[in-house]
Amino acid sequence: MQLSSLPLLIAAIFGFLWFLVSRLHRRGSLSAVQRNHLALLMGILLIWGLLIGYQSDMGRLDGESFLNLMPGYWLPYVPVVIAVTLMLLLTPLREGLRVLVDETPSHWLSGIHILRILALGTLIKASKGLFPQGFAWFVGGPDMLFGLSAIVLTYMAWAGHLNSRVLLFWHLVGAVAIVLPIAGLMHIFMAEPLFLELFRFPMIMAPALVVPTLVMLNLLVAWRLFEKDIVKQ
């Protein structure tokens, strides 16, 4: 097994989310039902991540047969489909997510994205010929730059120098920086000789769980800010 920061990254992201949920419930901002629905969503996402990680660790996703399933086109979207489906079906979850964004300091919700600086690791691996070059530079590169921008934006949000529209735009950029190259260049990435490295354990936890979760956090904040802006108008 390779040494990797991904397990710690998963623990940091979901630990942060559970801290937010617990904090809001203790303050009375979240009802017990809303808290439980948010816990359900996080639990299902973690189970998905553990399942796909286990399959990879067992060597079941390591070969041409798996690559022929074109995993780049669907694997990163599984958590998104799960989250959006549950959000549409469960009103307490939807309302809980609104409270989560509204009652959490904006610099906390931007600060978590500083973790995306760790995408530098894929660039280092690519420079050593251990990771697909195109994917590293066109996906990992923008992800790392967005993480760096999170440092500046988090400070500005903490200092009160940003309005909601700037935050909305920034969070949308955070999502587009990942979604656009993946959607537009996946056919190129899949032709790279080392593409399967992306789906070997523990690296598979990045496209299967970590990256989709961070992108969904971007979209969640952008959705809520847009929704509030529409209501004001």
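Predicted model: local features only at pLDDT ≥ 70, side-chain atom pairs only at ≥ 80, totals over all residues.
User: How should I read a pair of aromatic rings, and which pairs could I look at here?

Analyst: A pair of aromatic rings is described by two values, the distance of the centres and the angle of the planes. A search of the whole structure finds eight aromatic pairs. In one of them, the ring centres of phenylalanine 19 and tryptophan 108 lie 5.9 Å apart with their planes at 40 degrees, so this pair is tilted. The two residues belong to distant parts of the chain, 89 residues apart, with phenylalanine 19 in helix H1 (residues 6-26) and tryptophan 108 in helix H6 (residues 106-111). Phenylalanine 19 is partly exposed at 39% relative accessibility, and tryptophan 108 is partly exposed at 28%. The rings of phenylalanine 66 and tryptophan 74 have centres 6.4 Å apart and planes at 80 degrees, and because planes over 60 degrees apart count as edge-to-face, that is the name for this pair.

User: Which aromatic cluster includes Phe66 and Trp74?

Analyst: Phe66 and Trp74 form one aromatic cluster together with Phe195 and Phe199.

User: How do I read the packing of two helices, and at what angle do H2 and H5 cross?

Analyst: Two packed helices are described by the angle between their axes and the distance between the axes. For helix H2 (residues 32-57) and helix H5 (residues 91-102), the axes come within 8 Å and cross at roughly 95 degrees, which makes H2 roughly perpendicular to H5. On the H2 side the contact is made by Val33, Gln34, His37, Leu38 and Leu41, and on the H5 side by Pro92, Leu93, Glu95, Gly96 and Leu97. Sorted by class, this contact of H2 with H5 has six nonpolar, three polar and one charged residues.

User: What is the span of H2, and which of its residues are buried?

Analyst: H2 has 26 residues and reaches 36 Å from its first C-alpha to its last, close to the expected 38 Å. Its buried residues include Gln34, His37, Leu38 and Leu41, and also Trp48 and Ile52. Just after H2, glycine 59 takes a positive phi of about 80 degrees.

User: Where is aspartate 143, and is it buried or exposed?

Analyst: Aspartate 143 lies in helix H8 (residues 133-158), and at 10% relative accessibility aspartate 143 counts as buried. Leaving aside neighbours within four places in sequence, aspartate 143 is in contact with Arg116, Ala119 and Ile178.

Notes
Residues numbered from 1 in each chain as written. Heavy atoms only, no water. Helix = DSSP H or I, 4+ residues; strand = E, 2+ residues; numbered from the N terminus. Buried < 20%, exposed > 50% of the residue type's maximum accessible area, 1.4 Å probe, protein only. Contact = heavy atoms within 4.5 Å. Axes fitted to C-alpha atoms, helices over the stretch in contact; angles between N-to-C directions. Parallel < 35°, antiparallel > 145°, perpendicular 65-115°, else oblique. Nonpolar A, V, L, I, M, F, W, Y, C, P; charged D, E, K, R; others polar. Expected span 1.5 Å × (residues − 1). Phe/Tyr/Trp six-rings, centres within 6.5 Å; stacked < 30°, edge-to-face > 60°.
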